Amino acid sequence: MRILCTNDDGIHAPGLKVVEEIARALSDDVWVVAPELDQSGVSHSLSLNDPLRLREVGPRHFAVRGTPTDCVIMGARHILGAKLPDVVLSGVNKGRNVAEDVVYSGTIAGALEGTILGLPSFALSQEFSVETREHPPWDTARKFGPDILRKVIAAGIPKDTVINVNFPSCAPEDVLGIRVTRQGKRNLGFLRIDERRDGRNNPYFWIGFERSAMLDTPADGTDLAALRERYVSVTPLRLDRTNEAFSEELSATLK
């Protein structure tokens, strides 16, 4: 099995080494194509107005000055040659990708691009807490990742589906199990604008996150709830975002 690994945290991110370890538990034919720089939050952006610079950093390890989407395309359509990868792994992201995160996440986008190319694809993310922010519990992803991948690959993944896996912020021995979940939703607005002043007293801004959103009680069955209760969350996300029920209502309205 040929596996293509990417991420959005960049070619030197610790989580990229973890996803490569997970991949090597399944196969010896592992390739790494990741962004030269941190691309967190770029979503599914594609570089059309700038050239892609490619740098080989080691055997089967390449850095692309572009987005995670660019990396998967470069890997599948150029670097790997005539033989496409059998599986795409994106991650392991430093921080969870749940609820509305999936709209913004470059990690999710890397896996989605694999799905668009017709390849079984997984997004892998390791949650951290305030205490473990500098040292996320990567061993949790290491322990549970390979077996989850084996079982899901053996079961088969629909062509329009990406598998979003989130590991809880606790040691492996404290994980209570694995849950198949649906995408959650935060009850409070979780983005905020942080205004500051530079040395010349000119304003500049950071987009930040409200800590209060972390205190919501998530709905049962969601990715948020699973992580809160120390379960690994496995969420199948569809590429087709059509609202079928509203489509029928809209068709009747627009007759």
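In which helix does tyrosine 104 lie? Select tyrosine 104 and you'll land in helix H3. Keep in mind as you click around that this is a predicted model. Tyrosine 104 has a relative accessibility of 40%, so it counts as partly exposed.

**Stop 1: the nonpolar patch**

Which one gives the most? That's E10, with 3 residues.

**Stop 2: a charge over a ring**

Next, pick arginine 179 and tyrosine 231. The charged end of arginine 179 sits over the ring of tyrosine 231, 3.8 Å from the centre of that ring. If you were hoping for rings paired with each other, the count of aromatic pairs is 0.

**Stop 3: serine 125**

Jump to strand E6 (residues 121-126), where you'll find serine 125. Is serine 125 buried or exposed? Its relative accessible area is 0%, so serine 125 is buried. Who's around it? Skipping neighbours within four places in sequence, serine 125 touches residues including Val92, Asn93, Thr107, Val165 and Phe167. For a sense of scale, draw a line from serine 125 to lysine 151: they are 26 residues apart in sequence, and their C-alphas are 18 Å apart in space.

**Stop 4**

Look at the link between glycine 91 and valine 92: it is a cis peptide bond, with omega about -10°. Most peptide bonds are trans, and most residues other than glycine have a negative phi.

**Stop 5: two positive phi angles**

Head for serine 43, in the loop between strand E2 (29-35) and strand E3 (54-58). Phi of serine 43 is positive, near 55°. With a relative accessible area of 24%, serine 43 is partly exposed.

Last, go to arginine 230, in the loop between helix H6 (223-228) and strand E11 (231-238). Arginine 230 isn't a glycine, yet its phi is positive too, at about 70°. Arginine 230 is also partly exposed, with a relative accessible area of 38%.

Technical notes:
Residues numbered from 1 in each chain as written. Predicted model: local features only at pLDDT ≥ 70, side-chain atom pairs only at ≥ 80, totals over all residues. Heavy atoms only, no water. Phe/Tyr/Trp six-rings, centres within 6.5 Å; stacked < 30°, edge-to-face > 60°. Lys NZ or Arg CZ within 6 Å of the ring centre and 35° of its normal. Helix = DSSP H or I, 4+ residues; strand = E, 2+ residues; numbered from the N terminus. Buried < 20%, exposed > 50% of the residue type's maximum accessible area, 1.4 Å probe, protein only. Contact = heavy atoms within 4.5 Å.
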